[in-house]
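Please read this report alongside the sequence and the model. It is arranged by topic.

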2 protein chains.
Amino acid sequence: MNFSSKLIEEAVNAFSSLPGIGKKSALRLVLHLMNQDVAFSESFSEALVKMRKNIKNCKTCHNLSDTDICNICIDKRRDEQVVCVVESIRDIMAIEDTGQFRGKYHVLGGVINPIEGISPNNLNIDTLLNRIELQDIREIIMAISPTIEGDTTIFYISKQLKESPVKISTIARGISFGGELEYADELTLGRSIVARTPYRKVSE
Amino acid sequence: MNFSSKLIEEAVNAFSSLPGIGKKSALRLVLHLMNQDVAFSESFSEALVKMRKNIKNCKTCHNLSDTDICNICIDKRRDEQVVCVVESIRDIMAIEDTGQFRGKYHVLGGVINPIEGISPNNLNIDTLLNRIELQDIREIIMAISPTIEGDTTIFYISKQLKESPVKISTIARGISFGGELEYADELTLGRSIVARTPYRKVSE
């Protein structure tokens, strides 16, 4: 790309250093900023720097938070005895959006992946085991991706907890709601038949 | 979307206020910033604000520039007598990338579009007419989108110049290089037959 301006080139390079944004999209974003007044660019930049500087990891669950302990961990109305274990804070948002879970969370920060060099020590597993040992936790729900790495992670954690009375469950796997059988992959469809659930008949 | 942090919410809103970036992509970008150190976010923001504050419009051709007159207008090696008229600075970049044009440019800032309320007065047409009157310009090449609005704009400018000796040309329209005839739209294919060019036979 041929830039007539060094300033534009630097701004385009800044945007295109972000994931999923190429040079052309970056240029489009820069030209959009040009069409807004200076205050827009300033408040945009300020929001990002303020966020990056002040954001914290919750000391209990490793969720991103404005305070030392996050809103969810501090919320007394939520069930402390049920902890949902997730890979990233994006999963917390997705689950919160469903409105179906009123317990607490624990963010692992990824899954065990020997190929990418992610071992149990790189994840927040020790703090999870500590929580289970120290707090009165009845059940942990493993809301982890249904992949080989995810399954390995669930297996590893369950092995660490074999002496503990805590109940371990995984989120249900099967055909998506509204999904069509013929388009489901073989593994999902096969497993969903093996793990079929009994159907409650309408009582007359 | 349920945000556990106000700071993250603000940063996500900042990103998703840009065109083509939704809430989910914005969140991905914010989490990417979180994985980089603070200096990354700072230099990213600085590049944008610096660009927005210091960028200028070239006084001659309306190209974006670091200086009052842009690099292209100031370049003595380029042909001053041929001016390529484009809609936006993106088009200048695209043409410069081809390496096929060594003249000067003029950025209109859009095309005439009555539905969107863009009249000739909103475009840099008067400065183009001034340039043609005052400078020794031999030819203007209209590198404008082949749309109704683009054609209207070309027609409007040509009408303003009917007394002027300047030559007006448009960029060639037809089947793209490497394009397949059967996939070309009817209008393009029809016009490309009407506007066929003579083929020079190999001389024996």
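## Basis

This is a predicted model; local features need pLDDT of at least 70, side-chain atom pairs count only at pLDDT 80 or more, and totals for chains, interfaces and linings use all residues. Residues are numbered from 1 along each chain as its sequence is written, while chains are lettered from A and ligands numbered from 1 in the order in which they are written.

Helices (H or I, at least four residues) and strands (E, at least two) are DSSP runs, numbered from the N terminus.

## Where the chains meet

The contact joins 48 residues of chain A to 47 residues of chain B. Two residues are in contact if their C-beta atoms, placed from the backbone, lie within 7 Å. On the chain A side, the elements that give two or more residues are α1 (6-16), α2 (23-35), α3 (38-54), β2 (64-65), α4 (71-74) and α5 (89-98). The largest share comes from α3(A), with 13 residues.

By class, this side of chain A has 25 nonpolar, twelve polar and eleven charged residues. Ala, Val, Leu, Ile, Met, Phe, Trp, Tyr, Cys and Pro count as nonpolar, Asp, Glu, Lys and Arg as charged, and the others, Gly among them, as polar.

## Asn54(A)

Asn54(A) is found in helix α3 of chain A. Asn54(A) is exposed, because 11 other C-beta atoms lie within 10 Å. The cut-offs are 20 or more other C-beta atoms within 10 Å for buried, 12 or fewer for exposed, and partly exposed in between, with C-beta atoms placed from the backbone.

Leaving aside neighbours within four places in sequence, Asn54(A) is in contact with Asp66(A) and Leu7(B). Ser145(A) is 91 residues away in sequence from Asn54(A), and their C-alpha atoms are 30 Å apart.

## A helix pair in chain B

Two packed helices are described by the angle between their axes and the distance between the axes. For α1 (residues 6-16) and α2 (residues 23-35) of chain B, the angle is about 120° and the axes are 8 Å apart. That makes α1(B) oblique to α2(B). Axes are lines fitted to C-alpha atoms, for helices over the stretch in contact, and angles run from 0 to 180 degrees between N-to-C directions. Angles under 35 degrees count as roughly parallel, over 145 as roughly antiparallel, 65 to 115 as roughly perpendicular and the rest as oblique.

From α1(B), Ile8(B), Ala11(B), Val12(B), Phe15(B) and Ser16(B) meet Lys23(B), Ala26(B), Leu27(B), Leu29(B) and Val30(B) of α2(B). The residues of this contact divide into eight nonpolar, one polar and one charged.

## Domains of chain A

Chain A is assigned domain 1 (6-54) and domain 2 (76-170). Such bounds come from an automatic or database domain assignment. The domain centres, taken over C-alpha atoms, are separated by 36 Å.

## Loop residues

His62(A) lies in the loop between β1 (56-57) and β2 of chain A. Its phi is near 70°, a positive value in a residue other than glycine. His62(A) counts as buried, because 21 C-beta neighbours fall inside 10 Å.

In chain B, His62(B) sits in the loop between β1 (56-57) and β2 (64-65). His62(B) has a positive phi of about 70° although it is not a glycine. With 21 other C-beta atoms within 10 Å, His62(B) is buried.

Val111(B) belongs to the loop between β4 (103-107) and α6 (125-134) of chain B. Val111(B) is buried, because 21 other C-beta atoms lie within 10 Å. Not counting residues up to four places away in sequence, Val111(B) touches Glu87(B), Ile144(B), Ser145(B), Glu149(B), Gly150(B) and Thr153(B).
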